[in-house]
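Have the sequence and the 3D view ready, and follow along strand by strand.

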Amino acid sequence: MLEGVLSSAKRIRMKLMSSLLASFSEEITSLVEVTASSVVTVQGNSKSLSETSVGSGWIYRDDGYVVTNFHVIDGMREPLVLIDHSMARHQCQLVGCDRLNDLAVLHSKTLGAVALALHTDSPRIGSLCFAVGSPLGLRESASMGIVSGLHRQGSHPSGVLIEDMLQTDASINPGNSGGPLVCVDGSVIGVNTMGTGQNINFSVPAATVAHVVPELIEFGEIKQASLGISVSEVGIEKGLHGVAVMSCRGSQNQFLEGDVICSFNGKEVLKKIDLVRELSRNVIGKDVGAEVVRDGEKIRLSVQPVEKN
């Protein structure tokens, strides 16, 4: 009798587990279907017409603006072509690009689809994520993984070092570049940029997209401000946080070597990328407040960033 009860309990448990897995699978299927409808394949020819580039992109705004990687369109002649969910082909123009963050914005007057939302809060390590795009030219492919790491450095195919990237084990192959990495609510947490073939893959985070893309749409280029210093992250040490000034250029520089910058332009500086994001075109030539720890004391400075060459 006891064996019968145990067998019955096992069947109930297996049935419940099967139901949960079926629901989970259905949720993933729906998520990928909705995301894929806002993902495009990016095609273009080299200026010599000797090569064809294939990558991915995703709809950033409902009026035809698409985000992809810079290295996807680098060296390609216009017009480029976007292939949408229905296999329709749309000519598009390059709006602007940011080589340092490996981002580019394209625009098509005929592309009509729903934009994907940005998830600008930093994801947590271990969060489920999905990479959608056209790996090896295979359209509307999806892979699942987790966010494996945050704030990674990595060099994209053109050799430029990107300071802040997400790490994921979701499969990213050639052709995935420029496609979205989405979380479980379907919002974009990153732009898939490169894979290593060893389950260590990288995406440009949504926070960088939110910082860069509006400027590309408005101005067609990124202008970066400079403080005439080089910095290094110091982490939390003896109650301090921020970035340390390693060297200074110019006799009028308000910073001194050894200063630890804790805030800039009213924003807390925990990592180098925090300072870099505040050094936008909006602060060029303006008096900006900075808070530093110098010789154990916290002091405030007023500095005037210049345009970075």
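Strand 4 (residues 80-83) and strand 5 run antiparallel and are joined by four bridges. Strands here are DSSP runs of E with at least two residues, helices are runs of H or I with at least four, and both are numbered from the N terminus. Two strands count as paired if DSSP finds at least two bridges between them. Before we go on: this is a predicted model, where local features need pLDDT of at least 70 and side-chain atom pairs count only at pLDDT 80 or more, while totals for chains, interfaces and linings use all residues. Residues are numbered from 1 along each chain as its sequence is written, and side-chain values use heavy atoms, leaving out hydrogens and water.

Zoom in on His90, which lies in strand 5 (residues 89-98). Across from His90 stands Leu82. Is His90 buried or exposed? His90 counts as buried because its relative accessible area is 8%; buried means under 20%, exposed over 50%, and partly exposed is in between (1.4 Å probe, protein chains only). The His90 side chain makes polar contacts with the side chains of Asp84 (2.8 Å) and Thr110 (2.7 Å). A polar contact is a pair of N or O atoms within 3.5 Å; within protein, one must be able to donate a hydrogen and the other to accept it, and residues adjacent in sequence count only if both atoms are side-chain atoms.

A closed barrel of six strands runs 1-2-3-6-5-4, with antiparallel pairing. From one strand to the next, the twist averages 40 degrees. Helix 3 packs on this sheet, touching strand 2, strand 3, strand 5 and strand 6, and its direction makes about 45 degrees with that of strand 6. Touching means contact, with heavy atoms within 4.5 Å, and the angles, from 0 to 180 degrees, are between N-to-C directions of lines fitted to C-alpha atoms, for helices over the stretch in contact.

Another closed barrel of six strands runs 7-8-9-12-11-10, also with antiparallel pairing. In this one, strand 8 (residues 141-155) pairs with strand 9 over five bridges, and Gly149 stands opposite Gln167 in strand 9. Here helix 3 turns up again, touching strand 11 and strand 12.

What about the inside? The largest nonpolar core has 24 residues, and Trp58, Tyr60 and Val67 are among those with the most contacts inside it. Such a core is a set of buried Ala, Val, Leu, Ile, Met, Phe, Trp, Tyr and Cys residues joined through side-chain atoms within 4.5 Å. Helix 3 gives this core its largest share, five residues.

Finally, the charged pairs: the structure holds nine salt bridges. A salt bridge is a side-chain nitrogen of Lys or Arg within 4 Å of a carboxyl oxygen of Asp or Glu. Three of them are below.

| Pair | N to O distance |
|---|---|
| Arg281 and Glu215 | 2.6 Å |
| Asp259 and Arg294 | 2.8 Å |
| Glu291 and Arg300 | 3.8 Å |

Both Arg281 and Glu215 are buried. Asp259 is buried too, with a relative accessible area of 1%. Arg300, in contrast, counts as exposed because its relative accessibility is 61%. Salt bridges that share partners join Glu291, Lys298 and Arg300 into one network.
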